[in-house]
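Work through these exercises with the model open. Try each task before reading its solution.

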Amino acid sequence: GVVEQLGLSSYSMLALYGFIFVAVGGVVRRHFMFNLVDVMIYEIPNPDYLLRLCRGLRMLRAHRYPGCRRDEVKLFYTLIQMLRSPDILIKVTRNKDV
């Protein structure tokens, strides 16, 4: 047969099929896996303030003036501190009408 002509034994074919099965299974599992850490980011009720901070960072990078790096670092540090602290994130992003 074809396997013998290629010089492969049935064990190497089983190993190949096993590898493909494990690789495809890992990709499918990662695609459907639920990550609890992502819930905090994807379920933000009102992300407008965070988006304004990101736009501000982008504007600071686009415009050059004396001290722009210092201002950019301060704004970036503020954004990172908000994302690291669930309490601050809840206070900043909660709906105003609730």
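**Exercise 1. The positive patch**

Which residues form a positive surface patch?

Solution. Keep in mind that the model is predicted.
- Step 1. The patch consists of Arg52, Arg55, Arg58, Lys91, Arg94 and Lys96.
- Step 2. Helix α4, residues 48–62, gives the largest share of this patch, with three residues.
- Step 3. Lys96 sits in the segment after α6 (86–93).
- Step 4. The relative accessibility of Lys96 is 66%. The cut-off for exposed is over 50%, so Lys96 counts as exposed.

**Exercise 2. The fold in outline**

How many helices and how many strands does the protein chain have? State the order of elements and the buried share too.

Solution. 
- Step 1. Count the elements: six helices and zero strands.
- Step 2. Read from the N terminus: the order is α-α-α-α-α-α.
- Step 3. Turn to burial. The protein chain has 98 residues, and 16% of them count as buried.

**Exercise 3. Salt bridges**

How many salt bridges does a search of the whole structure find? Locate each pair and decide how the residues are linked.

Solution. 
- Step 1. Side chains of opposite charge can pair when their charged atoms come close.
- Step 2. Apply the cut-off: nitrogen to carboxyl oxygen within 4 Å. The search finds two salt bridges.
- Step 3. Take the pair Arg61 and Glu72. Their side chains meet at 2.5 Å, N to O. Arg61 belongs to helix α4 and Glu72 to helix α5 (residues 68–84), so this pair ties together parts eleven residues apart in sequence.
- Step 4. Take the pair Glu72 and Arg69. Here the N to O distance is 3.0 Å. Both residues are in helix α5, three residues apart, so about one helical turn separates them.
- Step 5. Arg61, Arg69 and Glu72 are linked in a network of salt bridges.
- Step 6. Check accessibility. Glu72 has a relative accessible area of 7%. Buried means under 20%, so Glu72 is buried. Arg61, at 48% relative accessibility, counts as partly exposed.

**Exercise 4. The nonpolar core**

Which eight residues make up the largest nonpolar core?

Solution. 
- Step 1. List the members: Ile44, Leu50, Leu53, Leu57, Leu79, Met82, Leu89 and Val92.
- Step 2. Sort by helix. At least two residues of this core come from each of α4, α5 and α6. The largest share is from α4, with three residues.
- Step 3. Leu89 has a relative accessible area of 3%, so Leu89 is buried.
- Step 4. Compare sequence and space. Leu89 and Pro47 are 42 residues apart in sequence. Their C-alpha to C-alpha distance is 9.4 Å.

**Exercise 5. A nonpolar surface patch**

Which residues make a nonpolar surface patch of about 760 Å²? Locate Leu16 and classify its accessibility.

Solution. 
- Step 1. The patch is made by Leu16, Tyr17, Phe19, Ile20, Val24, Val28 and Phe32.
- Step 2. Leu16 is found in helix α2, residues 10–32.
- Step 3. The relative accessible area of Leu16 is 42%.

Conventions:
Residues numbered from 1 in each chain as written. Predicted model: local features only at pLDDT ≥ 70, side-chain atom pairs only at ≥ 80, totals over all residues. Heavy atoms only, no water. Patch = residues over 30% accessible without salt bridge, like charges linked within 9 Å, V, L, I, M, F, W, Y side chains within 5 Å. Areas by Shrake-Rupley, 256 points an atom, 1.4 Å probe, with all protein chains shown as cover. Lys, Arg positive; Asp, Glu negative; His and termini not counted. Charge placed at Lys NZ, Arg CZ, Asp CG, Glu CD. Helix = DSSP H or I, 4+ residues; strand = E, 2+ residues; numbered from the N terminus. Buried < 20%, exposed > 50% of the residue type's maximum accessible area, 1.4 Å probe, protein only. Core = buried A, V, L, I, M, F, W, Y, C linked by side-chain atoms within 4.5 Å.
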